[in-house]
Amino acid sequence: MASALSPPRVPKPKYALPSHYHESFLEKKGPRDRDYKKFWAGLQGLTLYFYNSNRDCQHVEKLDLGAFVRLTDGAPSGSSRDSGTYFNLVLRNEEIKFKVESLESREMWKGFILTVVELRVPSNLTLLPGHLYMMAEALAKEEARRALEMPSCFLKVSRLEAQLLLERYPESGNLLLRPSGDGMGGVSVTTRQTLNGTPVVRHYKVKREGPKYVIDVEEPFSCASLHAVVSYFVSHTKNALLPFLLDEDYEKVLGYVEADKENGESVWVAPSVPAVPGPGPTPPTDGPKQPPPTSITPVSSQDKLPQLPNPDENYVIPISDAPAADYVNGDVPSPGRLVIQKPKKCHLAPKVQAKPPKPPIAPKPEPKGLSRGLARKLVFLPTTGLADVTAELEEKLQRRRAREHSAGLAEDQRVNLGAQRVSQVDPSSKN
């Protein structure tokens, strides 16, 4: 017997590993970490990505080099280990410590970081010609990438708004790019520094000449992108100027300022939003949907019970209401079998006067013992299949009437005989 064919195996989708300018193992220690933790790290653009292994496609941590300040060497304080395998990355708000496997690996990481941050290949590191060539390739890729995007410190604000932003948020940076007012596609650079406690604000003009940007200073400098313009100002001021990066933190609670009526001071009020009461318990989202509740209308006892026929009229009683003992033929369903019948409307039956049987002696009026209610119990069954039952019932009724009539005659005879005996005993009754 031939075996069933197994379904073809579907190959698992292979995810392409992210490409980086440089990647290798790197041990990292942040300001909140107690010890170094080993990652597979990769540099792409101005971001340093960290992975659990070199086969992972999704990073677990990342560092933005846009807040870069400087790189330093040296082992942690109080450590006797080789200082050639340690270096520190100083950012604007934190300092990250790194540990590598060798001195060559440390110089490689420092060289690639400085290349993408300053947009130039560093010349003060211990690097081989092959390393310098790799960094030159990374520099060309980074310049092409930045030519297609705007730097994060570029804001569409006016000259006055730029000054106010740098004055209000000094911790976010002191260099800002904004559109130029000449309408020629150029940009302007606004900087703010402090000299002996006095703020010094300067504005620089950057002209657009074809695909390049030219910084209008004593010695004009040409840049391939706006990122290169920012790097020029940062590198030529010995990192005294830092790009303006405003933290966009959004509030989750609505608040407002309210004046205190007692002391006249203004306070910040954050009212709590009351929960809207629902009509009932909230059903679980993962579970099955509950059916909507149905309204239950109480049913009165009059609605439950069928209407009784008017005793003054003769109605055809439905078959289902007749006693079980009255069904004797095979056409009637047995009481053990459940039969659901549709309710039938009761129609008035034509009044039929039954012919009285012929008395054996003389016809006399019907005695009082035969009540009118007995006549109402006569059941007329219009169903053709129950003709035999109707005939049998009529026959039984005639027999019953005959017996009652005979009993009435016998009672009258006894009464007459008693009266005759009394008259014979009391002759004075004749007088």
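What share of the contacts in the protein chain with a separation of 6 or more is accounted for by residues 24 or more positions apart? In this predicted model, the figure is 44%. The protein chain is built from seven helices and 14 strands. Of its 431 residues, 26% are buried, and the chain exposes about 32600 Å², with carbon and sulfur atoms supplying 54% of that area.

Just after H1 comes Leu119, which takes a positive phi of about 55°.

Further along lies an open sheet of five strands, ordered E8-E9-E10-E11-E12 and paired in the antiparallel sense. Strand E8 (175-179) and strand E12 (221-223) stand at the edges; each has a single partner strand, so one side of each is left without a neighbour in the sheet. From one strand to the next, the twist averages 30°. Within this sheet, strand E9 (residues 187-195) and strand E10 (residues 198-209) are joined by nine bridges in the antiparallel sense. Ser188, for instance, has Lys205 in E10 as its bridge partner.

Two helices accompany these strands. Helix H3 (residues 159-168) lies across E8, E9 and E10, and runs at about 160° to E8. Helix H4 (residues 226-235) packs on the sheet as well, touching E8, E9, E10, strand E11 (212-215) and E12. The direction of H4 makes about 25° with that of E11.

How values were computed:
Residues numbered from 1 in each chain as written. Predicted model: local features only at pLDDT ≥ 70, side-chain atom pairs only at ≥ 80, totals over all residues. Heavy atoms only, no water. Helix = DSSP H or I, 4+ residues; strand = E, 2+ residues; numbered from the N terminus. Buried < 20%, exposed > 50% of the residue type's maximum accessible area, 1.4 Å probe, protein only. Contact = heavy atoms within 4.5 Å. Areas by Shrake-Rupley, 256 points an atom, 1.4 Å probe, with all protein chains shown as cover. Pairing = 2+ DSSP bridges. Axes fitted to C-alpha atoms, helices over the stretch in contact; angles between N-to-C directions.
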